[in-house]
Amino acid sequence: MSVAFSVNGRHVRVDVSGSTRLLDALREDLRLTGTKEGCGEGECGACSVLIDGEVVNSCLIAAGQVEGCDVTTVEGLATNGALSLLQRAFIDHGAAQCGICTPGMLLAAHVLLQRTRRPNADDVREALAGNLCRCTGYTKIIEAVMSCTR
Amino acid sequence: MHAVTYLRPKSVSEAVQLYRTTPGCRPLAGGTDLMVMLHARTLRPEPRAVLDLWSLAELKGVRRTADSIEIGAAESYTGIIRSTAAQEFLPALVAAARTIGAAQIQNRGTLGGNLANASPAGDTLPVLLAYDATVVTDRRTIAIDRFFTGYRKTALESDELITAVRFPLDRRVAFRKVGTRAAQAISKMVMAVSVTPARIAIGSVAELPLRATRAERALGRGDVAAAVAAVADDIRPIDDVRSTAAYRRAVTQNILRELLDALARR
């Protein structure tokens, strides 16, 4: 089956079977390995991507379901090689350790910052509730996101 | 690679036709449960095709009619949370939707999927029972208290698709979920309660989401203490990885008392 969609503003076409996960189409077929697989069961949020601007777990999406959709992965956050404000904030605050959760954290936080003008720390915690981090204890991640709201 | 055919019908009638004529076909909506099982190959019999209902416009939306709210089977929990009609008339359903997973799951999970999976821990299912919701399918309507027939078993025929869920407008329902953590937790116990009419619906305490009928009779007489006592005998909880039968009994009684107090104060 051939599926045509857009990834980070670029039109792509992949040939996959019906049960291929969007996660695998991105990583294996399109070589966009910024998206990580954590649990593979929709619990951890490591594979978060945006479909038409909404955050989803790409391990739970059949590739066929994104026909005609706009998909954004972590590779789409930078502009012409320049990191976004949020990405820069993660570096400055030491908000990444092993890094597996980071792409998903960035995308979930990106949606929050796009949608909410002045989120408070509780808004940030709620927006990131579906993204699990085993290293940082979350504080630095929340500080990084909050630094982009000022 | 295990080959599964992906089918994308353009209408509900085409979907019903494909479902009827494709052997080993499983309906797919948001994929929050099915994709996990499909990938892990834990479904028996293993599906040979998935029927993608996610993008069917007929299955989307929250609609207000003269005497009901109708929610499309493939509308997302996020769509329900954002709906002003749902916020006004079905606040307990909105509260339940907000406790399901986190944004990633709320953006894809659907009422139709929660119903079709019929997990005893499905968080919207006690809410549907407490509201006396009606399940609308491609061919008939099914009263929610006749929908669940056993462990993950429903009254749906083998080729029948859920199209919508219909709710009355005049109910006051309170909802509470008890899990290990506020987000991303499967319920240890989940409850929805209405006083008039007396409805006490509970999940994760039996092999299916159930109505606590003895407790409801006591509540119908206005006897809250008797309802709280009786509910412990209405449920059939087990010890499992998430909780124990003893804890589930205690928390069921405590939350029932708390929800009835809250409804009395409103």
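**View 1. F175(B) has A192(B), in β12(B), as its bridge partner.** The model is predicted, and local features need pLDDT of at least 70, side-chain atom pairs count only at pLDDT 80 or more, while totals for chains, interfaces and linings use all residues. Residues are numbered from 1 along each chain as its sequence is written, and chains are lettered from A and ligands numbered from 1 in the order in which they are written. Strand β12 covers residues 189–194 of chain B and runs antiparallel to β11(B), to which six bridges join it. Strands are DSSP runs of E, at least two residues long, helices are DSSP runs of H or I, at least four residues long, and both are numbered from the N terminus. Two strands pair if DSSP finds at least two bridges between them.

**View 2. β11 and β12 belong to an open sheet of four strands in chain B.** The order is β11-β12-β13-β14, and the pairing is antiparallel. At the edges are β11 (173–178) and β14 (210–211) of chain B, each of which pairs on one side only. Helix α9 (residues 213–220) of chain B packs on this sheet and touches β13 (199–203) and β14 of chain B. The direction of α9(B) makes about 155° with that of β13(B). Another helix, α11 (residues 245–265) of chain B, lies across β11, β12 and β13 of chain B and runs at about 30° to β12(B). Axes are lines fitted to C-alpha atoms, for helices over the stretch in contact, and angles run from 0 to 180 degrees between N-to-C directions.

**View 3. Helix α9(B) packs against helix α10(B).** Helix α10 spans residues 224–234 of chain B; the axes of the two helices are 7 Å apart, at an angle of about 170°. α9(B) and α10(B) are therefore roughly antiparallel to each other (angles under 35 degrees count as roughly parallel, over 145 as roughly antiparallel, 65 to 115 as roughly perpendicular and the rest as oblique). On the α9(B) side the contact is made by T213(B), R214(B), A215(B), A218(B) and L219(B). On the α10(B) side, the residues are V224(B), A226(B), A227(B), A230(B), V231(B), D233(B) and D234(B). Two residues are in contact if their C-beta atoms, placed from the backbone, lie within 7 Å. By class, the contact of α9(B) with α10(B) has eight nonpolar, one polar and three charged residues (Ala, Val, Leu, Ile, Met, Phe, Trp, Tyr, Cys and Pro count as nonpolar, Asp, Glu, Lys and Arg as charged, and the others, Gly among them, as polar).

**View 4. A second open sheet in chain B has five strands.** Its order is β4-β5-β10-β6-β7, with antiparallel pairing. The edge strands β4 (62–64) and β7 (141–143) of chain B each pair on one side only. From one strand to the next, the twist averages 25°. Three bridges link β4(B) to strand β5 (residues 68–72) of chain B in the antiparallel sense. In this pair R64(B) stands opposite I69(B) of β5(B).

**View 5. Chain B meets chain A through 26 of its residues, with 25 residues from chain A.** On the chain B side, the elements that give two or more residues are β1 (5–7), α2 (34–40), β3 (49–52) and α6 (103–106) of chain B. The largest share, four residues, comes from α2(B). By class, the chain B side divides into 15 nonpolar, eight polar and three charged residues.

**View 6. C59(A) lies in the loop between β4 (54–57) and β5 (70–72) of chain A.** C59(A) has 27 C-beta neighbours inside 10 Å and therefore counts as buried (20 or more other C-beta atoms within 10 Å of its own mean buried, 12 or fewer exposed, and in between partly exposed, with C-beta atoms placed from the backbone). Leaving aside residues up to four places away in sequence, C59(A) touches R21(A), L23(A), E37(A), G40(A), G42(A), C47(A) and M35(B). The C-alpha atoms of C59(A) and G45(A) are separated by 9.1 Å, and the two residues are 14 apart along the chain.

**View 7. Strand β3(A) pairs with β4(A) and with β5(A).** β3 covers residues 48–51 of chain A and is joined to β4(A) by four bridges in the antiparallel sense. V49(A) has V56(A), in β4(A), as its bridge partner. The two strands form a hairpin with two residues between them, and D52(A) in the turn has a positive phi of about 45°. With β5(A), strand β3(A) pairs over two bridges, again in the antiparallel sense. Here I51(A) stands opposite V71(A).
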